[in-house]
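Please examine the sequence and the structure shown here.

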Amino acid sequence: MEAVALFSFTASEADEISFQKGDIIKVTEMEDDSCWFTAEIQGKRGYVPENYISLLPHPWFAGQVSRLEAERRLRWQDMGVFLLRESESAPGEFSVSVSYGDRVEHFRVLEGGGQYCIWDESFCSLNRLVDFYRTHSIAVEKVVLPQRPSLVPSPAVPPSV
């Protein structure tokens with residue numbers, strides 16, 4: 001996820017990264033029991049303090065939602081209604097769940113070297129991956145464009161996401 005720096009931060013440990021107020025930061029891991037996020041800034045990875053940044057709001061990010069819960073939310077929605085969630089089978093990874101009307105398909109988002117992909121296209125952030133698939137079919141067997149995020153609220157989604 002992308003975040004904006006609310007304040008400047010100077011790293012004091014080797015595993016932290018510095019940033020300036022207003023910088024766009026790519027958050028790569030968020031742990032519930034920590035005040036630090038793992039992030040990437042200009043190709044450097046390290047920890048950033050959670051309270052120094054603000055996650056950019058995206059109604060399509062559902063957080064820790066199970067595959068079953070995603071299906072419950074999306075089944076019988078219009079084709080293309082979707083959500084992006086943390087993968088329950090592969091911690092630290094993500095999945096995109098998309099309504100096909102009568103059923104829901106799940107797509108694993110592969111991550112490597114700071115890039116995210118579902119098929120052949122790679123992106124530097126999940127935001128850009130979602131933007132791409134709004135105009136390109138996410139499905140192979142027929143055209144399915146993730147157009148509108150699922151608007152069913154979840155108690156597991158923090159208000160700032």
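Glutamine 42 is placed in the loop between β3 (36-41) and β4 (44-49). Helices (H or I, at least four residues) and strands (E, at least two) are DSSP runs, numbered from the N terminus. This is a predicted model, in which local features need pLDDT of at least 70, side-chain atom pairs count only at pLDDT 80 or more, and totals for chains, interfaces and linings use all residues. Residues are numbered from 1 along each chain as its sequence is written, and side-chain values use heavy atoms, with hydrogens and water left out.

**Loop residues with positive phi**

- Most residues other than glycine have a negative phi.
- Glutamine 42, however, has a positive phi, near 50°.
- Glutamine 42 counts as exposed, at 78% relative accessibility (buried means under 20% relative accessible area, exposed over 50%, partly exposed in between, with a 1.4 Å probe and protein chains only).
- Tryptophan 76 lies in the loop between α1 (67-74) and β7 (81-86), and its phi is also positive, near 75°.
- Tryptophan 76 is exposed, with a relative accessible area of 65%.

**The sheet**

- Strands of a sheet pair through backbone hydrogen bonds, either parallel or antiparallel.
- Here, five strands in the order β4-β3-β2-β1-β5 form an open sheet with antiparallel pairing (two strands pair if DSSP finds at least two bridges between them).
- β4 and β5 (53-55) each have a single partner strand and stand at the edges, so one side of each has no neighbour in the sheet.
- β1 (residues 2-5) pairs with β5 in the antiparallel sense over three bridges.
- Valine 4 stands opposite serine 54 in β5.
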